[in-house]
Amino acid sequence: MAAPKRKVISISYPAWAGEEYMKDFESKYDLHTVIPGDRQTTIDRLAAKAKSDGPFDAIVILMGIKLYEPFDEELLRSLLPQCKIMASASAGYNEFDVDWMSRNGIIFCNSRNAVNESTADLAIFFMLGIIRDVQRLSTSIANGTWRGKLRLDNSQGNPPEGILAPTRDPAGMRLGILGMGSIGKHVARRARVFNMKISYWQRTRLLPDEEALYDATWCSSLDELLSTADVLTLHCPLNDKTEGLIGREQFAKMKDGVFLVNTSRGPVIQEDALIEALESGKVARAGLDVFDNEPKINPYFIRNDRVMIQPHMGGISDIAWQRAYREALENVRSFLETGKAISPVNMAEVQQHRQANGTLTNVPDTGRDYAYEAKNHPLTSLPEVAPSVGNLSLAMYGMANQNGNRSHVGIVGSGIIGLTTALILSQAGYRVTIVARELPGDDSTKWASPWAGAVILPVATDDDRDKKMQLASFRFYWALAHQDPTSGTQTVKVSEYWDDPNHKSTGAWYEKVIPGCRPLTQDELPPGTFSGNRFTALAVNPDVYLVWIKEKLEAEYAVAFIRAGVASLDQARDMIRCEVVVNASGLGAEQLASDPQVVGVRGQTMLVEPPVDISSPSGLMDKEVKIRRGREYTYVLPRLLSGGVIIGGISDEGNLNTEVSPPLREDIIRRVNIMTNGMFKDVKIKRDIVGIRPDRKGGYRLERTGKVVHAYGFGGAGFRYSVGAAQVVKAYIDQLLADQALSSFSKL
């Protein structure tokens, strides 16, 4: 007898998620809907629904102004104690009583990425509109005045009644961005098209490479930003520190005739002070999407033709709503299946309250034991590379410090090999410090891991150690995809094609251990290919995973990170003061290991919008990998939690040019469309990416020389070998220290 579906309640039906998506969601969960009214009506309807159809495991809150806010104990108490997750489709959450939720064991999730680009678009719309005086000119022509008399002076004051001033051009103006998060970065990227100068302020400065990417200058204080900006745009959250942030004192520090845009939250600006600044001419014009008491708006802003207004529409576009609704529902899905939400806001606070009350973390009983599945999967039939590590698939959770060894190991390089080695060593009890020029979160093409394809699937080899290394990695990521999707790891269906007529698609060593492996029929092959396989593998989003594992290493194992370049491995040893050095420096090994075999291999890809795929539950091609091997190497790779797909296919050995090649871009799109039967014919490119893979002629180097263990030269296969290579590194270090201990004992 099948287990009953988990119950989810949504205030209004999430239709914007898409018909096919909702059909899939409702096939797995018992979704109920409450039609809201005013606050008391909504409270009553929720309580009645909980009594008649509850209890509910989760609640979903959709977009838009809600007359029944705030989301607090009075509104939600009828859902206790069963409800353990509230997922909002909105990014902001000042209307949610997150403290109350934390005290009652409710995980609160917002939608972090769905509305970013839509909001940035509206900010740019406002910016251009107020610079070009669109509202006043529209009002003028509506009143029968064609342009009016143009002023010939160059002052920025307000023109006399009925007289229209020349508008300005954005080129050369300085755009000041208050809050350089995801939305702020999207605004900066768009503003560069208009040849604007970009300045920003936030408490944490971006890395130099990120500043170079956006050609942005950091202001060391808010005052500096205010005093230098010609246009000021606000992109900060509303909290205790930002409420009323822009008031009379701040307006006084701005340039005369500044242009102001606010698409963040209304209370960030003190509206009385803004009105005074508009009246005095300190603010020439303003574009406002948000207001202090919305939906009630001060009539001044409605009647003033120097103010462009919108009814909080920043995140309200068709694509943004679809992404937001799906992100909220995926939070619920992930939590109910694995016990872990994708974008929790208050996870630490909930854990603290549960520990204080002596209760355990809520892990729903879904009828599936992923730990058992990982342990008993056919992949475990081969022995580990280094048996002393134990069951690596489950080592992520509680396997640390069993041998009590606190020897200090230094690792040079924070790519996937260095980070995974740090994890394996830390779990075994070693003290670890990583020194690297680039660290997770850096948006730089000077290192390869953030740009990796990161599809975890074995490849043909006759070397037994190589096989074991690949399978060790596969086992690890397989378990991780089921245990913690916030890591950016997911299972995917893979179609692998070969355009070599002599290639044999059957008989590979891994066919019997990779889930669902079968040869493709001729009808399933794209033009120009002769054979292929279909199987289940794993895809990792490097942008998410690298930051995730760094946070794990710091929080759970106290791994130290030092941002520095080193000229030699001896310098690294002296800097870290460690006993053993692991050289995982990638391309840096050419200098650090004096290895002339190290070679860079250029790759060029694109992050694009996922195309529509009616056969997919989500309606998008976002969980399908396609790879063509041979003469026209081409691939399509999904990016979990980033809302996109990577397409690419080039390996140019020795070419270190990081400039985008437009002809190659077009060729990649051509090849991808051949492989996917034209699914990307209307491709929407979000970003061009060029990276240099750290390869090595003759194969990777994984060996120990003295007190140095070398682990580099994996090229584009770093993720595929990461865990197995880390096991080998640990085995080398274990043996080294055991030999040293034996030598010391023999001298007694």
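**A chat about strands and helices**

Visitor: In E20, what is the bridge partner of valine 409?
Guide: Valine 409 is partnered with valine 580 in E20. Keep in mind that this is a predicted model.

Visitor: Which strand does that pairing join to E20, and how do the two run?
Guide: That is strand E13, residues 408-412, and E13 and E20 run parallel, joined by four bridges.

Visitor: What about strand E28, how many bridges join it to E20?
Guide: Three bridges link E20 with strand E28, residues 708-712, and these two also run parallel. In that pairing, asparagine 583 sits opposite histidine 710 of E28.

Visitor: Are the residues of E20 buried or exposed?
Guide: Buried, on both faces of the strand. Val580 and Val582 lie on one side, while Val581 and Asn583 lie on the other.

Visitor: Okay, how confident is the predictor overall? What does the pLDDT average?
Guide: The average over the protein chain is 84, and 86% of the residues score at least 70.

Visitor: And where is pLDDT under 50?
Guide: One such stretch is residues 149-155, which has 11 contacts beyond four places in sequence in the model. Residues 359-405 are also below 50, and that stretch has 107 contacts beyond near neighbours in sequence. Where pLDDT is low, the predicted coordinates should not be read in detail.

Visitor: Good to know. New topic: what is the strand order in the open sheet of seven strands?
Guide: The order is E8-E7-E6-E9-E10-E11-E12, and the pairing is parallel. At the edges are strand E8 (216-218) and strand E12 (307-309), each of which pairs on one side only. On average, neighbouring strands of this sheet are turned by 20 degrees against each other, ignoring direction.

Visitor: How many bridges join E11 to E12?
Guide: Three, with strand E11 covering residues 283-288 and running parallel to E12. Within this pair, glycine 287 faces methionine 308 of E12.

Visitor: Which strands does helix H11 touch when it packs on the sheet?
Guide: Helix H11, residues 271-280, touches strand E10 (258-262), E11 and E12. The direction of H11 makes about 135 degrees with that of E11.

Visitor: Let's move to E24. How many of its residues are buried?
Guide: Five of the five residues in strand E24, residues 644-648, are buried. Gly644, Ile646 and Gly648 point one way, and Val645 and Ile647 point the other way.

Visitor: Which strands pair with E24 in the antiparallel sense?
Guide: Strand E21, residues 598-608, pairs with E24 over four bridges in the antiparallel sense. There, threonine 605 is opposite glycine 648 of E24. Strand E23, residues 634-639, is joined to E24 by five bridges, again antiparallel. In that pairing, leucine 637 has isoleucine 646 of E24 as its bridge partner.

Visitor: Last topic, helices. At what angle do H5 and H7 pack?
Guide: Helix H5 (residues 116-131) and helix H7 (residues 182-191) pack at about 50 degrees, with their axes 8 Å apart. That angle is why H5 counts as oblique to H7.

Visitor: Is the crossing of H5 and H7 left-handed or right-handed?
Guide: The crossing of H5 and H7 is right-handed.

Visitor: And which residues meet there?
Guide: From H5, the residues include Asn116, Glu117, Thr119 and Ala120. Among those they meet in H7 are Ser182, Ile183, His186 and Val187.

Conventions: Residues are numbered from 1 along each chain as its sequence is written. This is a predicted model: local features need pLDDT of at least 70, side-chain atom pairs count only at pLDDT 80 or more; totals for chains, interfaces and linings use all residues. Side-chain values use heavy atoms; hydrogens and water are left out. pLDDT is the predictor's confidence in each residue, from 0 to 100. Contact means heavy atoms within 4.5 Å. Buried means under 20% relative accessible area, exposed over 50%, partly exposed in between (1.4 Å probe, protein chains only). Two strands pair if DSSP finds at least two bridges between them. Axes are lines fitted to C-alpha atoms, for helices over the stretch in contact, and angles run from 0 to 180 degrees between N-to-C directions. Angles under 35 degrees count as roughly parallel, over 145 as roughly antiparallel, 65 to 115 as roughly perpendicular and the rest as oblique. A crossing is left-handed if the near helix is turned anticlockwise from the far one by less than a right angle, and right-handed if clockwise.
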